[in-house]
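Here is a protein chain to read with a student.

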Amino acid sequence: MRWSQSFLVTLREVPGDAEVVSHQLLYRAGLIHKLAAGIYSFTPFGFRSLRKMIDIVREEMDATGAMEVDLPILQPKELWVESGRWQRYVDDGILFHLEDRKGGEFALAPTAEEAVTDMVRRSVTSWRQLPFNLYQIRTKFRDEIRPRFGLLRGREFLMKDAYSFDVDEKGLDVHYRKMDAAYRRIFERCNLEYALVEADSGAIGGSASQEFMVVADTGEDALVFSDAGDYGANVEKAVTAPLPEPWAGEEPRSFGEANAPTPGITTTEGQAKHLGTTPERIVNTMIYEAVGADGKAWLAAVLIRGDLAINEVKLPKAIGALHVKLASEEILGKVTGTRPGFVGPLGLLPFEENPISLFVDRSLEHGANLWCGANLEGLHHSGVSIPRDVLSLPYFKGVVEVATAREGDPSPTGKGTLRIRRGIEVGHIFKLGTKYSEAMKCEVANQAQKMVPLTMGCYGLGLGRTVAAAIEQNHDDVGIIWPVPLAPFACVVAVLQRDAHVLEAADRLYEGLKAAGVEVFYDDRDERPGVKFKDLDLVGFPVRVVVGGKGLQRGVVEVSTRRERKAAEIAPDRVVELVKKTLAAGAKTLVTD
RNA sequence: CGGGGCGUGGCGCAGUGGUAGCGCACCUGCUUUGGGAGCAGGGGGUCGCCGGUUCGAUCCCGGCCGCCCCGACCA
C-alpha cells in the first residue's frame, strides 16, 4: 500500500476531547474517529489493527475447540424477561432498547447469554451432545453511564464472547481452564504485560470469575497484588489477612468511665486527635439501607475500624442483601437520634418496627479500649469492648469481612504485603453455573435419565479495548510502538527525495519486501523528510526502511526499529532478509546478521 | 444522576452588541529538501439548535441538544 493512494491522515495536534494517551495517539495517527460519545469509527489503518486482534482471538478460540457462531444483536424483550435481566438492566440504564413498528420491544445486546442459551435449549436434549463452547466476535452495546477514554470504555464496542455448556461442574472446570490458557496466549501474543485478578462477578452473576488486567496507570480499576506474587484481586473483591490489632494483650477497661465531648468534630482523624488516640481506636458506625432478594428494604449498621473503609461492593453479599446504599441523614436521624460523626452501635432504634441489623467488620472483632459515637451530638463513649459491649447486643447479626484492602496490608495468602496498581480490564472469564440454564429451562437428560440444567461458563474479551491497552503500554513521547502482531503494517519504506533514481530504488525495495511476504507500507508522498519521520514515528511502524539520495550514493539505505530508533546502514540487497529476521524477533532491536 | 467546564473553518484556539480572526492543515506559484521549511497568493465558517431582548445578537437572557472532566454507578 502506498501512502499517496491511501486514506491515512495524521494530526499534529491532539483533539481536545482525548484525555488518555491511547485515545490521543489513535486519533493523531488517524486510526479512529469519534462519531458520538463512546462511539468510534475505525479508519482503514485502524481497522487493520483491529482485524489482527480479531484474527488472533479467532485462532486461539478455534485452537481450544470452541466453535464460532453468529448471534443476533437485536433481541426480543421476552428473552430478557425470561432470564430476569430486562428489569435490572433497564433500571440500571445500561440497556439500549427500542420498539419495532408494532410496539414490540427489543434490546441491543450487551452480551448474549440469553440468545445462546435459547439456541442451545432448542437443539440439545442429551448429555451425549455435550460438552461444547460457542463463541462470537460481534459488536456489543451498552449505554454506559459515562463512556470515556476513547476505545477503553465505549457504548458500542467489539467483544469476543464465548459460552461453554457442560453437564456438570467438572466439565465447566475443564472449559474454564482452557479459556484461561487461551487468554494467556492471546495477551502474550499481543505483547501485553497483564495480570490475573479475582473479580466480583457483578451483574452477570455466577461463582468464580477472573479478570485479565493490562497494567497501566490510566486503568480504571484498582488492582491489589501481593508482592510475594501469589495473590491478585480487583480491589472490589480483595481481602487481606487479619490486620495487626493495636489492642492485643490489653486489659479491657470498663465502659464509659472516660466519656468525652467531641463538639462539632465529625471526622475520624479529628476525633482521634481530639481524644488523644489513633483512628484505629475509633469505631465507625455506618448505617445502610439494604434491599434483600425478596425486594424488602431493611437497615443495617456496619461497624468498622476508623482507619479502614467499607467496601460497598463486598458489603451486600456479606450481609445477605442484593443492594446497599448509605442511609439518608433523615433515616439516620430516626434510628440514631444524631447526625453522621456521632453514630454508635449502642441503643439503635428500630426502623419502621424492624430492629436494625448490626454487623461488625472482622477488624474490630476482638477490639477493646475503643471509642465510639454516643448517638448524641458531640459525645463519644470510651472503653468500648466489642466482644463485651457489642457482640452481645440483641440486634447483632454477625462478624463480616467488608474492609477495603489497602496498600501495605498483609496478603491473605500469608506471604507478602499488598500493593495497589491500576489496570485495564481486557478479559473476564466466569463460571456461570446454572443461573441462565435454570431460568431459561435449558436442560438435558443426564446419564441417570434425570433432566438437569446445563452448567455454563462465559468468557468475554474486549478487542478494541485490548488494542487501546496495547498502545497504553507501548508508546513513547512521539507515538505508538506497535507490537508487531497488532501493527497495521509491520514495515514501512520511506523515500526521502523524489528524484528518479531514489524513487526507483525505493520502489524496488518496496516491491521486494512485498514479494517476500512482508506487510509493507510505502511512504511515497512528496513531503519533506522531517514530516515523514514524524509521521512514521507517530503511526509506529515496527520496522522502518529509509531510502535517501545521500545513502544511495554510498550504496546503503537505512533500517531501524521503532522501539529503538537506532538506524543501521544496510546494502539494499540485504534489506529483505534483515527486515524479515527483525520482524520474526519481534522488532525490538534490529537484527543485522 | 450530582458538581465543574466547553461548543467559533478539518484540528487547536482568540474575539466582539454593528456582517468574524489567528496558528496548524488545505490549494497555487517560486525557492527549498535527512527530524513537522521560507516567501507570495488563495479557498473554506448559517459562530451547536430554538426562542427572547434589541434598530441590530456569534456576543446579553431563557430553554434544548451535544461534548469533556470529577464523583456516584458500572460485564
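This is a predicted model: local features need pLDDT of at least 70, side-chain atom pairs count only at pLDDT 80 or more; totals for chains, interfaces and linings use all residues.

Tutor: Residues are numbered from 1 along each chain as its sequence is written.

Student: In what order do the 3 strands of the open sheet lie?

Tutor: Strands are DSSP runs of E, at least two residues long, numbered from the N terminus. Two of them pair if DSSP finds at least two bridges between them. The edge strands, β4 (74–76) and β5 (96–99), each pair on one side only. The pairing is antiparallel and the order is β4-β6-β5.

Student: Which residue in β6 is the bridge partner of His-97?

Tutor: β5 and β6 (residues 105–108) run antiparallel and are joined by 4 bridges. The partner of His-97 in β6 is Ala-107.

Student: What is the volume of the largest cavity?

Tutor: A cavity is a set of points on a 1 Å grid over the protein atoms alone where a 1.4 Å probe fits but cannot get out; lining residues have an atom within 4 Å of a point. A volume is the space filled by probe spheres set on the points, which are joined across faces, edges and corners. Among the lining residues of the largest cavity are Trp-482 and Arg-562. Its volume is about 60 Å³.

Student: Which strand gives the most to the lining of the second largest cavity?

Tutor: This cavity holds about 40 Å³ of space. Its lining includes Gln-136, Arg-138, Thr-139 and Lys-140. With 4 residues, the strand that gives the most is β7 (residues 132–141).

Technical notes. Chains are lettered from A and ligands numbered from 1 in the order in which they are written. Side-chain values use heavy atoms; hydrogens and water are left out. On a 1 Å grid over the protein atoms alone, a cavity is a set of points where a 1.4 Å probe fits but cannot get out, and a pocket is an open set with protein on both sides within 12 Å along at least five of seven lines; lining residues have an atom within 4 Å of a point.
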